[in-house]
Amino acid sequence: MQQIEVTDEWLYQYMPIVDEAIIRELEESTDYEYRFSAKFERKMRRLIWKEAHPQASAVYRQIKRMAARLRGRRVMPLYNER
């Protein structure tokens with residue numbers, strides 16, 4: 001069996017052909033009418049919003065942390081009840 005010597009020149013020559021074939025196959029097998037679940041859509045909207053508003057996301061995160069700390073303090077008794 002003959003071995004193929006893979007060189008940079010060989011790759012530059014044949015990889016565009018392989019690349020086009022892979023892209024064509026992916027485009028043919030893609031279902032463009034696919035509907036994502038409502039949960040996924042909601043998560044994506046949230047992620048996109050966070051990326052578009054990084055300062056607001058940081059502020060909301062700090063507010064949530066402060067609220068959690070305050071909630072934790074209210075639950076804890078001020079003295080030991082026996």
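Me: Buried means under 20% relative accessible area, exposed over 50%, and partly exposed in between (1.4 Å probe, protein chains only). With that settled, is S57 buried or exposed?

Reply: S57 is buried, because its relative accessible area is 11%. Bear in mind that this is a predicted model, where local features need pLDDT of at least 70, side-chain atom pairs count only at pLDDT 80 or more, and totals for chains, interfaces and linings use all residues. Residues are numbered from 1 along each chain as its sequence is written, and side-chain values use heavy atoms, leaving out hydrogens and water.

Me: Which residues does S57 touch?

Reply: Leaving aside residues up to four places away in sequence, S57 touches W49 and K50 (heavy atoms within 4.5 Å). S57 sits in helix α3, while K50 belongs to helix α2.

Me: And K50 itself, why is it called partly exposed?

Reply: K50 counts as partly exposed because its relative accessible area is 37%.

Me: Zooming out, how many helices and strands does the protein chain have?

Reply: There are three helices and zero strands in the protein chain, taken as DSSP runs (H or I, at least four residues; E, at least two) numbered from the N terminus. Reading from the N terminus, the order is α-α-α. Buried residues account for 1% of the 82 residues.

Me: What does the accessible surface come to?

Reply: About 8900 Å² for the protein chain, with 57% of that belonging to carbon and sulfur atoms. The method is Shrake-Rupley with a 1.4 Å probe.

Me: Switching to charge: which residues gather in a patch of positive charge?

Reply: R46, K50, R61, K64, R65 and R69 do, on the surface. Patch residues have over 30% relative accessible area and no salt bridge, with like charges joined within 9 Å and nonpolar side chains within 5 Å. A salt bridge is a Lys or Arg side-chain nitrogen within 4 Å of an Asp or Glu carboxyl oxygen.

Me: Nice, and which helices supply the positive patch?

Reply: α2 (38–52) and α3 (54–75) each give at least two residues. The largest share, four residues, comes from α3.

Me: What about negative charge?

Reply: D19, E20, E25, E27 and E28 gather in a negative patch on the surface. D19 lies in helix α1 (residues 8–29) and is partly exposed, with a relative accessible area of 40%.

Me: Last one: which residues form the nonpolar patch?

Reply: I4, V6, L11, M15, V18, I22 and L26, with about 620 Å² of accessible area together. I22 is in helix α1, and I22 is partly exposed because its relative accessible area is 48%.

Notes:
Lys and Arg count as positive and Asp and Glu as negative; His and the chain ends are not counted. The place of a charge is taken as NZ of Lys, CZ of Arg, CG of Asp or CD of Glu.
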